[in-house]
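Keep the viewer open as you read.

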Amino acid sequence: GSSLGTGTSFNTPSISSTTTYYVETSNGTCTSPRSAVDATINTAPTITGTTPAAICGTGAVTIGATASSGTISWYAASSGGTSLGTGTSFTSPVITSTTTYYAETTAGACTSSPRVAVTATINTIPTVTSTTPAANCGTGSVTLGATASSGTLSWFAASSGGSSLGTGTSFNTPSISSTTTYYVETSNGT
């Protein structure tokens with residue numbers, strides 16, 4: 001075959017799999033036997049899946065990722081910066097708004113590229129913004145009211161647990177003969 005180059009180093013053409021090249025030396029009169037030199041192509045690891053997560057209100061969020069091989073590292077930026085942690089899951093510090101983190105995996109000398117975004121979502125907790133108590137003279141039904149920042153209002157007979165008695169901005173109580181407290185909450189779906 002023809003010489004591909006001369007010198008103490010050789011840059012291969014672009015290759016996609018491990019390839020063996022051969023080197024010989026010649027002093028002008030004599031040529032050495034060729035020696036095999038492998039140009040090794042390591043399989044680049046990849047992030048194969050992500051697990052975003054969400055919570056309601058301020059807090060720490062645990063997100064996840066899986067990789068074809070190697071160790072997963074977590075970052076605050078899509079490039080550069082210091083690793084925030086390693087492993088298949090990452091728990092953020094306490095955050096007040098939706099934040100994107102980035103995962104990459106390293107196996108041997110190879111690192112996946114580009115980093116993969118994984119979102120830690122902070123859902124806004126809706127609030128009951130006002131209530132309208134009501135009164136009745138004698139036994140009967142009373143119409144109570146409430147408004148919310150968002151979501152659907154649900155009415156209950158207890159401060160926790162139990163089944164909803166109804167939904168909406170107003171609630172007609174069953175017939176009552178004494179002062180009774182009802183409870184209202186709002187849900188925006190998450």
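This is a predicted model: local features need pLDDT of at least 70, side-chain atom pairs count only at pLDDT 80 or more; totals for chains, interfaces and linings use all residues.

A polar contact here is a pair of N or O atoms within 3.5 Å; within protein, one of them must be able to donate a hydrogen and the other to accept it. The side chain of threonine 186 reaches the backbone oxygen of threonine 152 at 3.5 Å. A polar atom of that threonine 186 side chain also lies 2.7 Å from the backbone oxygen of serine 150.

Where does threonine 186 sit? Its place is in strand E17, residues 183-187. Threonine 186 counts as buried because its relative accessible area is 14%, and buried means under 20%. Leaving aside residues up to four places away in sequence, threonine 186 touches Pro126, Thr127, Val128, Ala148, Ser150, Gly151, Thr152 and Leu153.

Now turn to the nonpolar cores. The largest one has 13 residues, and Ile63, Trp74 and Tyr101 have the most contacts inside it. Strands E5 (62-67), E6 (71-75), E9 (99-107) and E11 (116-123) are the elements that give two or more residues to this core. E11 gives the most, with 3 residues. A second, separate core has 8 residues, including Val142, Leu144, Leu153 and Tyr182. Leu153 is also one of the residues that threonine 186 touches.

Finally, the rings. A search of the whole structure finds 5 aromatic pairs. Trp74, Phe90 and Tyr101 form one aromatic cluster. One charged side chain also meets a ring: arginine 115 lies over the face of tyrosine 75, at 3.5 Å from the ring centre.

Definitions and conventions
Residues are numbered from 1 along each chain as its sequence is written. Side-chain values use heavy atoms; hydrogens and water are left out. Rings of Phe, Tyr and Trp (its six-membered ring) pair if their centres lie within 6.5 Å; planes under 30 degrees apart count as stacked, over 60 as edge-to-face and the rest as tilted. A charge sits over a ring if NZ of Lys or CZ of Arg is within 6 Å of the ring centre and within 35 degrees of the ring normal. A nonpolar core is a set of buried Ala, Val, Leu, Ile, Met, Phe, Trp, Tyr and Cys residues joined through side-chain atoms within 4.5 Å. Buried means under 20% relative accessible area, exposed over 50%, partly exposed in between (1.4 Å probe, protein chains only). Helices (H or I, at least four residues) and strands (E, at least two) are DSSP runs, numbered from the N terminus. Contact means heavy atoms within 4.5 Å.
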